Amino acid sequence: MLTPMRYTISCCLLAACLPLTAQTAADELLRYDRPARYFEESLVLGNGRLGASVFGGTGTDTIYLNDLTLWSGEPVDSSHFPDVAGNLPAIRAALAAEDYRAADSLNKVLQGPFSDSYAPLGTLLLDFDTPTGTTDYRRELDLRTATARAQYRTGGTTLRREYFVSHPDRVIAIRLTADRPGAVNATLRFSSLLRYATEVRDGDLHVNGYAPYHAEPSYRGRMPDAVRFDPERGTRFTSLFRVKHEGGRVTTTDTTLQLAGVNEAVILVAIATSFNGFDKNPATEGLDNRALAAEALAAASQREYAALHDAHVADYRNFYDRLQLDLGPTDAPDLSTDARLRRYAEGEEDRALEELYFNFGRYLLISSSRTPGVPANLQGLWNPHLRPPWSSNYTININAQENYWLAGPGNLSDLHTPLLDLIGNIAKTGARTARAYYGTDGWVAAHNSDIWALSNPVGDYGQGDPNWANWNFGGVWLATHLWEHYLYTRDTTFLRERALPLLEGAVRFGLDWVVRDTAGHYITSPSTSPEAKFITPDGYVGSTLYGATADLAMLRELFANYLAGAETLQLRNDFTSRAREVHDNLHPYRIGSEGQLQEWFHDWQDQDPQHRHQTHLFGLHPGHHLSPRLTPDLAAAARRTLEIKGDETTGWSKGWRINLWARLGDGDRAYRMYRTLLRYVPPVGARHGGTYPNLLDAHPPFQIDGNFGGAAAVIELLMQSSADTITLLPALPEAWPSGSVTGMGARGGFVVDLEWADAKPVRATLTARADAQTTVIYGSTQRPVSLKRGERITLDF
């Protein structure tokens, strides 16, 4: 309905005349002097489910809309699983005979369908009758309030727009104002790549549609029926648009809302889908998307704009204000964000930009990870493509996990929950996959997953290369997040009721996946190393072998996590004894002829020594069983591996390598890579990894994992923690000699504040989340700490 607004014209004009948030610090504000032309320049907003990508145009403002629960596809149907479990012994026999060509060929039989894709909901378009020429343009995203703004002058009038996405009120809100009466004139319309219909009812624009029931990955290229729609299948969606206005009038057509002579207008957008869980058919067992959207719109419409914004900011800052970072003063000039990136790429100092990137990573996690069972995906929340890069799915050979490296140390463990929920869902489909594909106990997941908790090895029944399609340790890696969450929260109820049973299921699969080698050690068979290939002495370039280092590293970490959890809950039985026996007798790490940590069971050449993946270094990071302190020789071999790989790689891989260098204690090398992660990448024609103008990570193309990995690495440089230690300034770069940080999360159940000067700690304050003990380490100094829940201690150095 067309709702009059309870605002006075004087307030409207005063608000429009005020400058944008000039008082916001440079480390909390993205700003630009022209509208976005490409998605990679847009300002992204989100409430953990609804997403908006704002272009801020003057003739037409384009706003991409997303809902985190809108995907192609339907629940996993295990009745269609191929009957291939009997093929596993043949693969193992080929490997025992050192016939790697045959093993690759046989491994392809153990492939199933591809994952489904995250879908774009549509585009909100605001058309303006703008006279030729605009001046004084400014567009910004304020990280303190999760609010975007655009402002410019045209025809003697200053026009201003403000945008936010509210979690408490479940709507997108856009306010349009001007500095003179009756100057807001616009037409609101909607478009989508999905199937949809629009109608105007009671003055509101109603859009109802549905997603495809299948979308092929974009990397499969042009193919018939790549995207398949059926009106009886797929997830339904509803988008409702309402204009509340003061002055002027709003008229309608069948597909538009038209504002004329308005003083001020607020556009409310409510969106809902029929997604009702990973195991419910969204067409026949789905939620009532129409009723949910209508309910949210009706409730939000009862509140004034200021109340909506205040509630949004209060909710958001409950997360954002937990941590503050200060890397010291900067002499960088006040420039637009894209200009700052270009200047920084030339080697100039800009500590505020380094802080901004870190704060933006926290902002992105808050904005994309608040939906139960649906974590941030490969593009986080923001995707405009019908067949997005890599299906914008959950790529679980690194990318989905990297999305959540920031959760614990960034003091955002509650935002880890959507991924932990998904792990529980995958364990259910993964138990069926383990039996059907491999004939094993426990649960398994492979290279990809999606909102439906896909767990089978992908590849379209033999079309995929085994080096990615057949890797099946995604579940093992995911399971380690359960123990990580416990270490940060010390939530024993979570450990007992959720984490340990899931860890046990992953361990059961691992126990069935190992065999004895000729030396009596346990190795995995078959085995691959994510997306990498080896070259045998006779020149064969292959993927499938036994005992890849990545597999064994993950099993070491998984088994150690499970055994530590069992010990915490005082659980000892024959199963824990079996897990201990295998853990203690896994094939040991090997150092190769170039001093590198071997990726393969044998000291074989890598097809690509500079490959973007470095999964065999898992034990160093994100794992904890390799370190310069615990395993100095193996840490030195890991360092040599990174030296061989070099610094030039994709965005997400840069994020990982910064963390790896931090764990090695080399802060300056890590900082050098942090600078390359922030290297400017143009929105089109990208040729290297880095950062787009809107600070999103460039693989290229856009993937959000590099943002999260890079932000997490900042904390790794300043503090590292384990179950029983907290190390201060373990890898402080020379470029950050003085600074402070408050609110870091530490394993063991602590929140840590730290101040340093002259490259040395001045003081550290620890607050306990639960009754906890740790040892605080700086250099050769070690200080034991024991606190009760809620207690705090300050250590001076």
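R572 counts as exposed, at 59% relative accessibility; the cut-offs are under 20% relative accessible area for buried and over 50% for exposed, with partly exposed in between, using a 1.4 Å probe and protein chains only. Its salt-bridge partner is E567, with N to O at 2.4 Å between the side chains. E567 is partly exposed, with a relative accessible area of 43%. By salt bridge I mean a side-chain nitrogen of Lys or Arg within 4 Å of a carboxyl oxygen of Asp or Glu.

Before I go on, some ground rules. This is a predicted model, in which local features need pLDDT of at least 70 and side-chain atom pairs count only at pLDDT 80 or more, while totals for chains, interfaces and linings use all residues. Residues are numbered from 1 along each chain as its sequence is written, and side-chain values use heavy atoms, with hydrogens and water left out.

Back to charges. Side chains of opposite charge can pair when their charged atoms come close. How many salt bridges does the structure hold? The count is 48. One of them joins R663 and E716, with the closest N and O atoms 2.9 Å apart. This pair links distant parts of the chain: R663 belongs to helix α16 (residues 651–663) and E716 to helix α18 (residues 705–718), 53 residues apart.

Another salt bridge is between E140 and R138, at 3.0 Å from N to O. E140 has 0% relative accessibility and therefore counts as buried.

Next, the helices. α13 covers residues 549–568, which is 20 residues. The expected span is 1.5 Å times one less than the number of residues. For α13 that gives 28 Å, and the end C-alpha atoms are 28 Å apart, so the two agree. Of the 20 residues in α13, 16 are buried. Just after this helix, Q570 has a positive phi of about 55°.

F575 sits in helix α14 (residues 574–584). Is F575 buried or exposed? At 14% relative accessibility, F575 counts as buried. Apart from neighbours within four places in sequence, F575 contacts E504, V507, R508, L511 and Y562, where contact means heavy atoms within 4.5 Å.

On to the aromatic residues. The structure holds 38 aromatic pairs. Rings of Phe, Tyr and Trp (its six-membered ring) pair if their centres lie within 6.5 Å; planes under 30 degrees apart are stacked, over 60 edge-to-face, and the rest tilted. F509 and W513 make a stacked pair, 5.3 Å centre to centre with 25° between the planes. An α-helix has 3.6 residues a turn, so residues three or four places apart point the same way. F509 and W513 are 4 residues apart in helix α12 (residues 492–513), which means about one helical turn separates them. Both F509 and W513 are buried. They also take part in one aromatic cluster with F81, Y437, Y438 and F473.

Last, the sheets. Strands pair if DSSP finds at least two bridges between them. Which order do the strands take in the open sheet of 5? The order is β20-β32-β33-β34-β37, with antiparallel pairing. β20 (324–326) and β37 (792–796) are at the edges, each with a single partner strand, so one side of each has no neighbour in the sheet. Within this sheet, β33 (residues 750–757) and β34 (residues 760–768) pair in the antiparallel sense over 8 bridges. A757 stands opposite K760 in β34.

An open sheet of 3 strands has the order β26-β25-β27, also with antiparallel pairing. Its edge strands are β26 (541–542) and β27 (605–606), each pairing on one side only. β25 (residues 534–535) pairs with β27 over 2 bridges, in the antiparallel sense. There, F534 has D606 of β27 as its bridge partner.
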